[in-house]
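Here is a brief report on one protein chain.

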Amino acid sequence: MAERAALEELVRLQGERVRALKQQKASAEQIEEEVAKLLKLKAQLGPDEGKQKFVLKTPKDSKGTRDYSPRQMAVREKVFDVIVSCFKRHGAEVIDTPVFELKETLTGKYGEDSKLIYDLKDQGGELLSLRYDLTVPFARYLAMNKLTNIKRYHIAKVYRRDNPAMTRGRYREFYQCDFDIAGQFDPMIPDAECLKIMCEILSSLQIGDFLVKVNDRRILDGMFAICGVPDSKFRTICSSVDKLDKVSWEEVKNEMVGEKGLAPEVADRIGDYVQQHGGVSLVEQLLQDPELSQNKQALEGLGDLKLLFEYLTLFGIADKISFDLSLARGLDYYTGVIYEAVLLQTPVRAGEETLGVGSVAAGGRYDGLVGMFDPKGRKVPCVGLSIGVERIFSIVEQRLEALEEKVRTTETQVLVASAQKKLLEERLKLVSELWDAGIKAELLYRKNPKLLNQLQYCEEAGIPLVAIIGGRPKRRPCGRNQKENKPAPLHVLS
């Protein structure tokens, strides 16, 4: 034992030496040498049979995963209820798909974001990956089942090896709430409904003013073409433009020129376009643009956007929509209209512009994705949207905390209580009757609970009703006429 204690002390001292060297930013060679000594000492120490050392935490808890308390789950369920009821109101069916897919199913669908896919170890000869979103699995589902027409919603977790920002609702494991319309229909009618759904949900959740930015990938591709971007650089330049909601134009230009090899004059021409935004009047202005109007792709995109704004006006949401040429949506599978909803920050002083403080929903048209999975390349046109619920959860939680608003974590309608001792049987019978009648009820798991404790539990849990069983006072014996002590009638308090 004395030898082991001495060895443990050496391990402790060597560990402190390694930590000190790291703090002093010593050379890598010196740190490696001292770490090797530490490992050698630990090997001599061997396993400690009497101890099991581990840290209680979620996997990579600083890297984008978390637990959720009953209060947080109550908030999440309310948000989900709003979203699901809207999806159902618009006639959607629900599906589900596996949490992992064949790696080849996901490869090549997300552009530069493909590096964020979680790959799994080889299982039975198959290379698998955790799903990155719900759109690609949906396209695979359509192709496998030879479906050409469906309106579906899907709420499930997805996984990304991203740099998380947990205070802003950005995680590595998170929920997506998707709504998609697949099928061959007349232009822009399904697209307009998707935007209507997005506005309905964000309005119902009451998380603040929002704006939906709209663009079209065909307009972007036409713009890149007339500006002189080589075909091979369309997708990577698109990914750079997509960052304009987070960084300045100068930073985006430096990335396009310095990292991606674009000529500075080409970047400047792109800048002239992507810094424009407005409504249907901007669409009409670009339809008259001498260069852009000569590009077939851009002309088709602008024509569809003009039609889209007509439908959005009929739906009563045109004032929530902005045609924004900087919106790019970096995912490779988009082929037409794209959109993204951002929350707006109220101006501090008069005359200032409202600022977007974060994306809470996005989507677009992807007509070629299903054909990538179909053996015969048959295409199924699709358009859809995804609600960024994690960011919405964060906003709702922060608002409730600021208002110090109490959140009920159960749906119990009645607490069955007793006013005195020896009434457990009666409480059990009554609570069983309530359950059988479909009423949400509870009782305290004590034989003889104090009435005050039961009422306090009711108050803390927010239970609206309490059913109190009381007993008649005992009568004194009088000769042989002794009466039983029976439960009194039920009293219900609210």
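## Salt bridges

R140 and E101 form a salt bridge, with their closest N and O atoms 2.8 Å apart. R140 sits in helix α5 (residues 135–144) and E101 in strand β2 (residues 100–102), so the pair ties together parts that are 39 residues apart in sequence. The model is predicted: local features need pLDDT of at least 70, side-chain atom pairs count only at pLDDT 80 or more, and totals for chains, interfaces and linings use all residues. Residues are numbered from 1 along each chain as its sequence is written, and side-chain values use heavy atoms, with hydrogens and water left out.

A salt bridge here is a side-chain nitrogen of Lys or Arg within 4 Å of a carboxyl oxygen of Asp or Glu. Side chains of opposite charge can pair when their charged atoms come close. Helices (H or I, at least four residues) and strands (E, at least two) are DSSP runs, numbered from the N terminus.

Are R140 and E101 buried or exposed? R140 counts as buried, at 14% relative accessibility. E101 counts as buried too, at 5%. Buried means under 20% relative accessible area, exposed over 50%, and partly exposed in between (1.4 Å probe, protein chains only).

E255 pairs with K243. E255 lies in helix α9 (residues 249–259), and K243 in the loop between α8 (234–241) and α9, so this pair ties together parts that are 12 residues apart in sequence. E255 is buried, with a relative accessible area of 12%. K243 is partly exposed, at 32%.

R365 forms a salt bridge with D367. R365 is buried, at 13% relative accessible area. D367 counts as partly exposed, at 25%. Elsewhere, salt bridges that share partners join E9, R12 and E16 into one network.

The three pairs described above are listed here.

| Salt bridge | Closest N and O atoms |
|---|---|
| R140 and E101 | 2.8 Å |
| E255 and K243 | 2.9 Å |
| R365 and D367 | 2.8 Å |

How many salt bridges does a search of the whole structure find? The search finds 23.

## Helix α12

D304 is found in helix α12 (residues 296–314). At 18% relative accessibility, D304 counts as buried. Which residues is D304 in contact with, leaving aside its neighbours within four places in sequence? They are P187, M188 and R218. Contact means heavy atoms within 4.5 Å.

K306 also has its place in helix α12. K306 is partly exposed, with a relative accessible area of 33%. Neighbours within four places in sequence aside, K306 is in contact with V280, V283, E284 and L287. The C-alpha atoms of K306 and S281 are separated by 9.1 Å, and these two residues are 25 residues apart along the chain.

## A nonpolar patch

V99, F100 and L120 make a nonpolar surface patch of about 210 Å². Patches are made of residues with over 30% relative accessible area and no salt bridge; like charges are joined within 9 Å, and nonpolar side chains (Val, Leu, Ile, Met, Phe, Trp, Tyr) within 5 Å. L120 lies in the loop between α4 (103–106) and β3 (128–130). L120 is partly exposed, with a relative accessible area of 32%.

## Cysteines

A search of the whole structure finds 0 disulfides. A disulfide would be a pair of cysteine sulfur atoms within 2.5 Å. C86 is buried, with a relative accessible area of 2%. C199 counts as buried at 4%.

## An annotated segment

UniProt lists residues 393–420 as "coiled-coil region" in an unreviewed entry. UniProt positions are given in the numbering used here, feature names are shortened, and annotations may be inferred rather than shown by experiment. In the model, residues 393–420 are 39% helix and 18% strand. The end C-alpha atoms of this segment are 44 Å apart.

## The whole chain

The chain has 15 helices and 15 strands. Of its 494 residues, 45% are buried. Among contacts with a separation of 6 or more, 69% are between residues 24 or more positions apart. The accessible surface of the chain comes to about 28,100 Å², and carbon and sulfur atoms account for 51% of that surface. Accessible areas come from the Shrake-Rupley method with a 1.4 Å probe; for residues, only the protein chains shown count as cover.
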